[in-house]
Amino acid sequence: MQLIDTHTHLDFEPFDDDRSEVLTRSLAGGVERIVVLGVQQANWQRVWQLACSEPAIYAALGLHPVFIDEHRDAHVDQLRDWLQRLRGEAKLCAVGEIGLDYYVEDPDIERQQQLLEAQLALAAEFALPTLLHVRRAHAQMIATLKRYRLQRAGVIHAFSGSWEEAREYLRLGFKLGLGGAGTWPQAQRMHRVLQQLPLDAIVLETDAPDIPPVGHAGERNSPELLPEICQRLADLKGIGADELAAASYRSSCELFGWR
């Protein structure tokens with residue numbers, strides 16, 4: 001089974017003591033490539049160094065809406081400088097993690113929107129896909145993406161919306177990132193959506209160290225659990241794990257421009 005983990009935060013502190021061992025076990029389990037996403041200006045260098053030091057790791061850089069209070073206007077200009085400097089680098093695969101989060105307490109909706117649009121403009125300028133975080137903001141995100149009509153789309157990370165919302169994203173060329181959340185029995189709506197999704201709409205992810213799959217409550221999530229996530233999602237869809245893995249692998253390679 002060949003797998004690609006399209007969304008992780010392996011640079012985060014929970015992996016500081018055993019990051020190399022996690023990578024070794026993940027690779028042994030068939031996880032051939034792992035995307036690590038920057039979430040704020042302060043961690044871009046760490047993410048990039050990790051990608052440069054590990055053949056299996058690729059980097060995305062962005063300003064995450066959850067950390068809005070830590071972002072400064074100058075950080076958008078600095079992100080553009082990073083993307084300009086790294087243009088053409090094989091290890092840079094996307095702009096992300098960016099998006100909208102209306103689930104946080106008292107969200108600054110206007111500033112989130114401004115930050116999102118500034119980064120979508122950068123994705124368009126540098127012809128990079130986007131890795132999008134969307135919580136309780138699907139209608140606004142869909143409306144925004146319809147205005148931008150990006151040359152290269154991207155992934156709706158940890159998708160948990162309705163079938164109608166899923167269809168809108170698919171019409172815009174986006175893939176849906178599915179991971180541990182969809183493996184839990186209470187995720188009934190996600191199970192119904194999964195049944196309807198075409199295979200080429202799905203890319204697999206862990207969001208490690210967050211959102212562990214069923215059976216791992218309270219544990220650190222990890223790319224090593226991606227084969228288990230794949231198996232459980234495939235069971236819910238009524239197909240073989242190898243079929244889901246192969247479809248996700250193809251879609252991920254197409255999305256990021258990998259052979």
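I began at the residue just after helix α9, where G257 takes a positive phi of about 75°; helices here are DSSP runs (H or I, at least four residues), strands are E runs of at least two, and both are numbered from the N terminus. I noted that this is a predicted model, in which local features need pLDDT of at least 70 and side-chain atom pairs count only at pLDDT 80 or more, while totals for chains, interfaces and linings use all residues. Residues are numbered from 1 along each chain as its sequence is written, and side-chain values use heavy atoms, with hydrogens and water left out.

Next I checked the length of α9 itself. Its 16 residues (241-256) should span 22 Å at 1.5 Å a residue, and the end C-alpha atoms are 22 Å apart, which agrees; the expected span is 1.5 Å times one less than the number of residues. I then looked up which residues of α9 are buried, and found among them A241, L244, A245, S248 and F256, where buried means under 20% relative accessible area, exposed over 50%, and partly exposed in between (1.4 Å probe, protein chains only).

I turned to the UniProt record, an unreviewed entry, whose annotation "binding site" covers H133 and H157; such annotations may be inferred rather than shown by experiment, and the positions are given in the numbering used here, with feature names shortened.

I looked at each histidine in turn. H133 lies in strand β5 (residues 130-135) and, at 9% relative accessibility, counts as buried. Its side chain is joined to that of E97 by a polar contact of 3.1 Å, meaning a pair of N or O atoms within 3.5 Å; within protein, one must be able to donate a hydrogen and the other to accept it, and residues adjacent in sequence count only if both atoms are side-chain atoms. H157 is in strand β6 (residues 154-157) and also counts as buried, at 5% relative accessibility. Leaving out residues up to four places away in sequence, I found that H157 touches residues including H7, E97, H133 and D207, with contact meaning heavy atoms within 4.5 Å.

Last, I examined strand β2 (residues 31-37), where six of the seven residues are buried, so the strand is largely enclosed by the rest of the structure. Four bridges join β2 to strand β1 (residues 3-8), and the two run parallel; strands pair if DSSP finds at least two bridges between them.
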